[in-house]
Amino acid sequence: MSAPCRCSYDTTSTAHDHPNHKAGWDSEIQGMFVEFTGPIGLYIDVFLPASTDAPLPDRDVSGAFDAVPHTTDERKMYSALTKGMTSVTEDFPREVRLAFVATDKERIPFPYDEHKEEHRNNGPDICSPFPGEDAKRLARLIWPNILTVYEVKPRLNQDPITAYTGLARGVNGGDGDEAVREAQTHKDTKRQLAINARNLLLAHTHTFVFIVGIYGYTARIYRFDRAGCVASPSFNYRENPEIFRTFFWRFVHPVKDCPVVGADPTVSRPTEDDYKWASKVLHDKYNEKLPYRARTIGRWLTIHSTKPGSTPERFLAIELRFVNPHLFGRATTAWIALKRTFDDDPEDGLKYALKDSWRQLIRRPETVYFEHLMDHHGPDIYGLPELGIGGDLSEWETREWSGKLRMNGRVRRSPRLLAKIDGVSLPHHVAAVLSDVTYHKTISARLAAKDARHERCHMRYATKCIGKPLSGFTSTKQLVTVLRDAIMGHELAWTSGILHRDVSAGNVMIVDDRCLPKRFKGFLTDFDYSFLKANAATATARISDTEANADNMQLKQRTGTHHFMAVELLSTPSGIKHEVRHDLESFYWLLVWIVFRHTKWTHPLGKIHMEVFPPGSDGVCASLKDTWLRRQSQMLTIPKNAPLTGVLRRWGILCSLNTFAENPEPTQALTHATVLTILNSALEMEGWPDGDAALKKAPSPDGDDATGITGATTGQKRRSQPHNAERGSKRARHDHLSVT
């Protein structure tokens, strides 16, 4: 799955007007929309179950949308639509009443200011603020103020779920061009819906969101989670306005304790008193001020351990360090957060790195790897983060609900059992609770009849080791020291049976000593795609043939970040066993990447950086990387920096000697020992420059910006796809962000 383009151009333009951007989104959402096969009433019952504590009041709302005109200009529909929606909800209690505002004349930037230059603005047609807030809330039109959106099209054939009527005419000798135009319109409409859903999910940390699409006099409700989108059957809202009334009522009366259906029950908005507490502990413990954006993006995040009987812990997120900008997939966000216990407790106000993501079911929880490392090496592990608390929120949710659900008389059934029921032709009493027990586990893939491994579970954990981006090094000697320490962490993990398999710019971090001093200066994180040996728990145990075969199969499932993948893995689509040497080669590519982007360098071939890290197919990238290793790497020079130049050249030789097989000569093999020897020897050398910190925009020898290497990303993920495992590439990352 391609990553949406982040090429630089006027960000005030629409979200649909750049070909690469459109192609990226179209690739991401392809095959991710499915229509619910049932009546609209069942759709609402399944996804917005009724609360027994808040029955919908009887009220005749017929005629509420009679004023909506039949037109080809959607803008002429906005006023009547907002009045109609207001009419069907005007008797709702004030604290849950919704407002509806036409917002088509304004462009709304990406939810987080830190990255708004990298993502295009968009402008929903109609928006609602949160329940109980009036239209004035949207005077400042930013995503944190918007609960949901309504996209309006004037014609029925603009419904993106409906079969292409133009195509049929083309087949029968009609206007084939019309079929093409209609197909493109449907793509544009889906893309528009997807961008809105992405922004809502990011802005609020919701587990899923609802968006309404209006096509003439018909409408659909779309439910987006991190595994796909389930569209309701279309309905005529003029003839049946009570459908909107029921939807809105159920939406603001969730069965769970949260503001609206889909909001994460473990996330809440901070108060001004919370921010005052945060300001005080930051001043007292770290001599820092509250980040200027904290009041806009801050949120309380509760972390539940998967261990029964454990006490949940609360963290106030005050700074965003990383955000995955995609709609579907892991959706990783990383925060700097303050732990809240009680006043005068030494732990109160301590900084943590907090990661929130959606794990594919086929993958082990990332916390398993951290727990395994601590079991083998203790809490003071070198070059690796220390887990504070965390786990799979869906497991906690299952445990919470398993004691509450009763069906078929007095027979108790758990949410996990319910999750095994396939399709949408569910008994009504089961359908009514299905979404309620799956806030932290997606359900879109199952309803699309996909393999269960396409579903995702909600992960959240906190670590005490806080990192700064690798691109923020204060000297090139620090850069090499950080890489050395991360490789030592990689070796430590491997000795306990874990192979990382995804070394990249977002996964190697500089230790932030201001938060918690460590013996090491750099560390390796993000074990989402790691491999754990079958017998790793008992290092002295003999591995069975079955376990050995299982290990080999898993290691042959290709994964990694494209720009940093080893040549051999890029050269062969599948069947290559991922080995330690491949990760050590990835560390080399990471160093080359950072040098090209953030230092002054020279090379006889000039713009060589564009050839080493090009966009394109795996085969092309592998060939160019191989050429670099065999012919070009020894000509790269860092002026007035002999130690770093020597590291690059010696490490490049090792990689070239081990590209397609481990070199039998021990001193020439690509191993932890040989790489660490190169790095340690260089760090002991004289001649390291003082104050050669990372350049934000490192010029190439020909005056070009070296950051032009395929835009601002660190590359997209590539993996093999055995047995219809997750489609597409793993998500793109930015090298200027923290824990992922």
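In which loop is the place of Arg501? Arg501 is found in the loop between β19 (498-499) and β20 (508-511), where helices (H or I, at least four residues) and strands (E, at least two) are DSSP runs numbered from the N terminus. The structure is a predicted model, in which local features need pLDDT of at least 70 and side-chain atom pairs count only at pLDDT 80 or more, whereas totals for chains, interfaces and linings use all residues. Residues are numbered from 1 along each chain as its sequence is written, and side-chain values use heavy atoms, with hydrogens and water left out.

The protein chain contains 21 helices and 22 strands. Of its 740 residues, 60% count as buried, a term that stands for under 20% relative accessible area, with exposed meaning over 50% and partly exposed in between (1.4 Å probe, protein chains only). Among the contacts in the protein chain with a separation of 6 or more, 71% are accounted for by residues 24 or more positions apart, contact being defined as heavy atoms within 4.5 Å.

Two residues were examined for their backbone angles. Most residues other than glycine have a negative phi, and most peptide bonds are trans. Arg501, however, has a positive phi near 75 degrees although it is a residue other than glycine, and with 1% relative accessibility Arg501 counts as buried. Thr205, which is likewise not a glycine, has a positive phi of about 55 degrees; Thr205 lies in the loop between α5 (176-204) and β5 (209-215) and is buried, with a relative accessible area of 10%.

Helix α14 (residues 476-495) and helix α21 (residues 672-683) have axes that come within 10 Å and cross at roughly 155 degrees, the axes being lines fitted to C-alpha atoms, for helices over the stretch in contact, with angles that run from 0 to 180 degrees between N-to-C directions. This angle makes α14 roughly antiparallel to α21, given that angles under 35 degrees count as roughly parallel, over 145 as roughly antiparallel, 65 to 115 as roughly perpendicular and the rest as oblique. In the contact between these helices, Lys477, Val480, Thr481, Arg484, Ile487, Met488, His490, Glu491 and Trp494 of α14 meet His672, Val675, Leu676, Leu679, Asn680 and Leu683 of α21. By class, the residues of the contact of α14 with α21 comprise 8 nonpolar, 4 polar and 3 charged, where Ala, Val, Leu, Ile, Met, Phe, Trp, Tyr, Cys and Pro count as nonpolar, Asp, Glu, Lys and Arg as charged, and the others, Gly among them, as polar.

Within α21 itself, the buried residues are His672, Thr674, Val675, Leu676, Ile678, Leu679, Ala682 and Leu683, and these buried residues pack against α14, α17 (580-598) and α20 (642-657). The 12 residues of α21 should span 16 Å at 1.5 Å a residue, which agrees with the 16 Å between its end C-alpha atoms; the expected span of a helix is taken as 1.5 Å times one less than its number of residues.

Helix α17 has 19 residues and reaches 27 Å from its first C-alpha to its last, close to the 27 Å expected at 1.5 Å a residue. Because 19 of the 19 residues of α17 are buried, this helix is largely enclosed by the rest of the structure. The axes of α17 and helix α19 (residues 618-632) come within 13 Å and cross at roughly 85 degrees, which makes α17 roughly perpendicular to α19. Here Glu585, Tyr588, Trp589 and Phe596 in α17 meet Lys625, Trp628 and Leu629 in α19, and the residues of this contact divide into 5 nonpolar, no polar and 2 charged.

For helix α2 (residues 40-47) and helix α6 (residues 242-251), the axes come within 11 Å and cross at roughly 5 degrees, and α2 and α6 are therefore roughly parallel to each other. Ile40, Ile44 and Asp45 in α2 meet Ile243, Thr246, Phe247 and Arg250 in α6, and this contact has 4 nonpolar, 1 polar and 2 charged residues.

Thr218, in strand β6 (residues 218-225), counts as buried at 15% relative accessibility. Leaving aside neighbours within four places in sequence, Thr218 is in contact with Leu156, Gly213, Phe235, Asn236 and Tyr237.
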